[in-house]
Amino acid sequence: MISILAPTRGRVEQFKRMINSLQDTMIGDVEILCRMDSDDLQTHAELSQSLPGVRFFIGPRITMSDMWNELIPHAKGDIFMLGADDIIFGTKG
């Protein structure tokens, strides 16, 4: 399994676009973990309702690298991808 660790902040449409491109191109098991700042509850509300398969984690505002470090212990995959909400997957597999 591949664990995609993708922080986001206030970019609902970009995050959805990333998820859609992943679903269109993935082969095999992939999990998505998303870290958001605790003062960005609007983004959490919108994404958690429309993307039930994504695991969301909320905490105080920290750097992106610290967000990835927070997500790693929760990831179940053998491979980690340190991503972001603006990635577009374009190649099958």
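Modeller: Among contacts (heavy atoms within 4.5 Å) between residues at least 6 apart in sequence, 71% in this chain join residues at least 24 apart. The model is predicted, with local features needing pLDDT of at least 70 and side-chain atom pairs pLDDT of 80 or more, while totals for chains, interfaces and linings use all residues. Residues are numbered from 1 along each chain as its sequence is written, and side-chain values use heavy atoms, without hydrogens or water.

The chain has three helices and four strands, taken as DSSP runs numbered from the N terminus (helices H or I, at least four residues; strands E, at least two). Their order along the sequence is β-α-β-α-β-α-β. Of the 93 residues, 40% are buried, meaning under 20% relative accessible area with a 1.4 Å probe, counting protein chains only.

Now the core itself. A nonpolar core is a set of buried Ala, Val, Leu, Ile, Met, Phe, Trp, Tyr and Cys residues joined through side-chain atoms within 4.5 Å. The largest one holds 15 residues, and F15, I19 and V54 touch the most other members. Two elements, α1 (12–25) and β2 (30–37), each give two or more residues to this core. The most come from α1, which supplies five. Leaving out residues up to four places away in sequence, I19 touches I32, L51 and V54. Another core lies apart from this one; it has six residues, including L5, L33, F57 and L71. In soluble globular proteins, nonpolar side chains tend to be buried together.

Key
Buried means under 20% relative accessible area, exposed over 50%, partly exposed in between (1.4 Å probe, protein chains only).
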